Amino acid sequence: MDLDMSINAPHSMGTTIIGVTYNGGVVLGADSRTSTGMYVANRASDKITQLTDNVYVCRSGSAADSQIVSDYVRYFLHQHTIQLGQPATVKVAANLIRLISYNNKNMLETGLIVGGWDKYEGGKIYGIPLGGTLIEQPFAIGGSGSSYLYGFFDQEWKEGMTKDEAEKLVVKAVSLAIARDGASGGVVRTVIINSEGVTRNFYPGDKLPLWHEELEPQNSLLDILNAPEPMNT
Amino acid sequence: MSTSSVELPPKGGFSFDLCKRNEMLAKKGANPPSFRKTGTTIVGLIFQDGVILGADTRATAGSIVCDKNCEKIHYMAPNIYCCGAGTAADTEAVTDMVNSQLQLHRYHTGRESRVVTALTLLKSHLFKYQGHVQAALVLGGVDVTGPHLHTIYPHGSTDTLPFATMGSGSLAAMAVFESKYREGLSKEEGINLVCEAICAGIFNDLGSGSNVDLCVITKGHKEYLRNYQVPNHRAHISSKGFTFPKKTEVLLTKITPLDEKVEVIEAGDAMEE
């Protein structure tokens with residue numbers, strides 16, 4: 001047991017992050033737990049960050065490193081968009097992330113999934129794990145919780161899903177990972193990107209399905225402490 | 001005859017001359033004093049009209065309380081304050097530095113400072129030093145875009161939250177917030193909740209203690225309530241009191257008012273956006 005896991009440990013995002021393409025766009029999903037050692041520093045963090053109007057990135061690994069990388073890439077993409085005169089493509093965004101991750105691989109510890117929609121290629125997902133590899137995939141999973149999802153995706157993934165099927169798949173997968181991974185938890189956030197625009201959804205923890213051996217949330221007995229006094233005749 | 005050596009100009013940086021001596025002393029048991037840390041409980045919450053920041057007032061050097069009434073709520077801008085936990089020197093220096101940068105920025109732009117500006121300046125500085133600047137901060141303020149509350153960790157990551165706690169007493173304070181916080185608190189309720197959270201830290205954490213400091217920031221107005229609650233006052237004070245028998249004699253008092261050389265004209269219309 002690592003007794004050095006105090007609240008002064010670097011802020012890391014245990015995490016489960018997912019990116020999935022469907023017929024017409026992409027769905028990005030993530031949990032919301034940020035931990036410092038064994039303490040949950042933020043139980044409602046937003047790990048899906050905007051890079052441009054049509055490209056978002058899911059962050060995992062060191063919170064500081066992933067925030068700085070996405071800030072730099074947002075800045076470069078903004079300049080690139082001005083110079084190009086039209087919205088940046090997902091490929092360019094992913095490559096900028098890859099350049100920063102690869103060229104600073106000794107100093108950074110961050111795994112990212114870039115997803116978005118552009119008019120040339122449609123919906124695309126790019127995974128950029130530790131080390132700075134760039135790999136274009138129909139679906140990508142990352143973070144500590146992803147270990148529990150490889151088998152699940154091998155079985156459940158299908159080409160050409162509809163938007164609702166894809167979102168349900170992502171929410172189911174994140175909730176399965178939350179059930180098994182201690183470093184993932186909180187709420188499930190999803191972002192759907194297609195030709196029409198961007199939709200953000202939020203699934204609070206108590207609305208997620210329960211899995212094997214998970215218990216229903218119980219009302220705490222402390223609630224009766226605040227109950228009003230019973231009436232006296 | 002010794003050969004004369006060329007006189008080199010003194011180089012900057014750390015002088016390692018006394019390191020061997022310090023090592024020898026440490027072996028003999030004479031350890032140097034440890035860094036002054038603010039063990040700390042610092043909190044912030046967003047209420048109906050703005051932001052309330054709270055902090056305890058104990059500073060420790062190892063296991064000794066070196067300051068029973070220090071100020072942990074630092075001024076950043078007229079509408080932005082920052083609570084600091086961690087190494088006291090680091091929190092003081094970094095908040096002071098960003099305070100100056102914000103003031104210069106205000107002169108450049110002619111506008112009120114925004115909380116995200118302070119946030120970005122702090123996070124870039126802390127990330128650059130890769131966590132070696134041990135400052136964990138709770139930054140809060142109200143600007144043209146509304147009330148904001150952020151936490152900043154020593155490695156440079158930030159979170160934006162409706163209520164936040166940091167420091168060694170953060171778990172005790174967070175327990176209070178998690179059970180009693182709700183959206184749209186009034187100023188009274190917010191102040192009471194912050195006091196409760198800080199008191200939880202003061203009484204349950206060894207690194208926090210003494211008094212409660214508060215800062216209430218609303219649109220266009222701020223209240224810095226130093227020592228709002230004093231749950232640990234000095235109970236046993238000698239009735240004899242202090243007297244200093246030998247006083248310094250004042251021989252002559254002369255006051256020379258300085259002439260105003262510069263006429264300050266109040267700036268014209270301040271731009272909103």
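1. Helix H4 (residues 170–180) of chain B lies across strands E2 and E11 of chain B and runs at about 160° to E11(B). Angles run from 0 to 180 degrees between N-to-C directions, with axes fitted to C-alpha atoms, for helices over the stretch in contact; contact means heavy atoms within 4.5 Å. Helices (H or I, at least four residues) and strands (E, at least two) are DSSP runs, numbered from the N terminus.

2. The model is predicted: local features need pLDDT of at least 70, side-chain atom pairs count only at pLDDT 80 or more, and totals for chains, interfaces and linings use all residues. Residues are numbered from 1 along each chain as its sequence is written, chains are lettered from A and ligands numbered from 1 in the order in which they are written, and side-chain values use heavy atoms, leaving out hydrogens and water.

3. In chain B, an open, antiparallel sheet of five strands has the order E11-E2-E3-E12-E13. Its edge strands, E11 (163–166) and E13 (221–229), each pair on one side only; pairing requires at least two DSSP bridges between two strands.

4. Strand E2 (residues 42–47) of chain B is joined to E11(B) by four bridges, and the two run antiparallel. B:Ile42 has B:Met166 as its bridge partner in E11(B).

5. Helix H5 (residues 187–204) of chain B lies across E2, E3 (50–55), E12 (212–218) and E13 of chain B, at about 150° to E12(B).

6. Chain A has four helices and 13 strands. Of its 233 residues, 47% count as buried (under 20% relative accessible area, 1.4 Å probe, protein chains only).

How values were computed: Buried < 20%, exposed > 50% of the residue type's maximum accessible area, 1.4 Å probe, protein only.
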